[in-house]
Structure formats: C-alpha cells, structure tokens
Amino acid sequence: MSAIEVDGLTISYGAVRAVDRLTFVAHPGEVLALLGPNGAGKTSTIETLVGFRRPDIGAVRVLGLDPWTDHDDLVALIGVMPQEGGIHPGIRPGEALRHGAALYRHPDDPAALLERVGLTHRARSSYRQLSGGEQQRLSLALALVGRPRVAFLDEPTAGVDVQGRQLVRRLVRELAQEGVCVVPDDLGLPP
C-alpha cells in the first residue's frame, strides 16, 4: 500500500492558485521532499495531507485514509512538525515529550527521543531558553513521539546550525530506513 496518494490536488487562495493539479505517490520508507520557492504551496500541500484543510480540487489519501473525513483515525498514524511555534514557552523539553507521549497508545521513549535529537543536556531548560535550532529539534521530537508511519516536517532545518542540520538529515535517513514515509518541505539543501 502507498503511504501517500495525491491526484490532481489544487489549492487556491482567491484568484491565486498555490497548488495546481499536483499528482504523486509516496511509499513507506521513502523521503519525498517538497521543494520550491516561498509561496509555491508546500505548506498548503502539507496542511491538506494532514487534514487541516480540504482540497479545492483533487483527491488525497494518507495510509489509505482521507485526511479530511478520516482525520480522527489518521492523527494516531502520522507525525506533524509545524512550520513554527505551538509550544508553551515555559515548558521543559522533557515535560513536553512526556506530555506528547501520553497522547499515544505506543509512544516512543521521551528520554530516548531527547537523546536522538541531541537535547538531553537541555531537558530541564524551558522552551524559551532554547536556541532557535534547539526549538526546531524539540518540535521534530514531538512529531516523532507517537511513532508515526508518515512524518510531515515543515521546514525542519529552519534556524538550525550546521551540526543541527546534519542531525536532522541523519534522522530523516534513519526514519526512512525504519519504514517511515518522510515528507519534509526543506532540508536546508544548497540551491
């Protein structure tokens, strides 16, 4: 079974067509990077695939489910790293991951995830005390805490230093090797 099927996806904002008849298939263990300039519809495509918005035209399936109508069933199977924010500034990374883990039946170990994203030494710092790159890595860990079969990563390397980018790229490769379909819209690749 395909992890993702997109057929003729079209998304418009008034007269502006952000996504125009996009069609693709992605399989478990694949990394499908959505590339393009700002305003090209990458985030809009991800929002549609995770069920945050309905396609204007076309059809999308994630793990055989319609993200809009089967959203409740889908959320337990996917991980989503939003473009920015959404984390309370006073929470500590360890607390955030333990809270996230409590939302899933078979979560990953929060301490192991902190280590995997290189934040063990920052587990007791508040979110606001983390650098921008560390905040991104925590957001990535939160997207992975539910052991997703498909991971949507919206700009996972934004604001991340060179070592952090290498860590994120390595993690994406590891996820693919584990059979996860990974959909980043940017991996900090050179132009």
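Predicted model: local features only at pLDDT ≥ 70, side-chain atom pairs only at ≥ 80, totals over all residues.
Helix α3 covers residues 93–101, and its axis sits 9 Å from that of α5, with an angle of about 20° between them. Since angles under 35 degrees count as roughly parallel, α3 and α5 are therefore roughly parallel to each other. The hand of this crossing is right-handed.

Helix α5 has another partner to look at, α6. Here the axes come within 12 Å and cross at roughly 10°. That angle is why α5 and α6, too, are described as roughly parallel to each other. This crossing is left-handed. From α5 the contact takes R137, L140 and L144, and from α6 it takes L167, V168, L171 and L175. Sorted by class, the contact of α5 with α6 has six nonpolar residues, no polar ones and one charged one.

Here are the two pairs side by side.

| Helix pair | Angle between axes | Distance between axes |
|---|---|---|
| α3 and α5 | about 20° | 9 Å |
| α5 and α6 | roughly 10° | within 12 Å |

**Helix α6 itself**

Helix α6 runs over residues 162–177, so to speak a stretch of 16 residues, and spans 23 Å from first C-alpha to last, close to the 22 Å expected at 1.5 Å a residue. Which residues of α6 are buried? They are G164, L167, V168, L171, V172, L175 and A176. What do these buried residues pack against? Their partners are the helices α4 (110–116) and α5 (132–144), plus the strands β5 (150–153) and β6 (181–184). After α6 comes G179, with a positive phi near 95°.

**Helix α1, mostly tucked away**

Helix α1 takes up residues 42–49, and six of its eight residues are buried, so the rest of the structure largely encloses this helix. The buried ones are K42, S44, T45, I46, T48 and L49. They pack against β1, β2 (16–26), β3 (57–62), α2 (71–74), β5 and β6. Like α6, which is followed by G179 with a positive phi, α1 is followed by a glycine with a positive phi: G51, near 90°.

Strand β1 spans residues 4–13 and includes V6. V6 has a relative accessibility of 3%, and because buried means under 20%, V6 counts as buried. Setting aside neighbours within four places in sequence, V6 is in contact with L22, T23, F24, L49, A59 and V60. One of those, L49, is also among the buried residues of α1. V6 and R61 are 55 residues apart along the chain, yet their C-alpha atoms are separated by 6.6 Å.

**Loops worth a click**

D108 belongs to the loop between α3 and α4. Is D108 buried or exposed? At 16% relative accessibility, D108 counts as buried. Its contacts, beyond neighbours within four places in sequence, are A101, L113, R116, L144, V145 and R147. L144 in that list also takes part in the contact of α5 with α6. Between the C-alpha atoms of D108 and G94, which are 14 residues apart along the chain, the separation is 13 Å.

R147, one of the contacts of D108, is located in the loop between α5 and β5. Its backbone deserves a look: phi is positive, about 55°, although R147 is not a glycine. E155 belongs to the loop between β5 and α6. E155 is likewise a residue other than glycine with a positive phi, near 55°. As background, most residues other than glycine have a negative phi.

Terms used: Residues numbered from 1 in each chain as written. Heavy atoms only, no water. Helix = DSSP H or I, 4+ residues; strand = E, 2+ residues; numbered from the N terminus. Expected span 1.5 Å × (residues − 1). Buried < 20%, exposed > 50% of the residue type's maximum accessible area, 1.4 Å probe, protein only. Contact = heavy atoms within 4.5 Å. Axes fitted to C-alpha atoms, helices over the stretch in contact; angles between N-to-C directions. Parallel < 35°, antiparallel > 145°, perpendicular 65-115°, else oblique. Left-handed = near helix turned anticlockwise from the far one by under 90°. Nonpolar A, V, L, I, M, F, W, Y, C, P; charged D, E, K, R; others polar.
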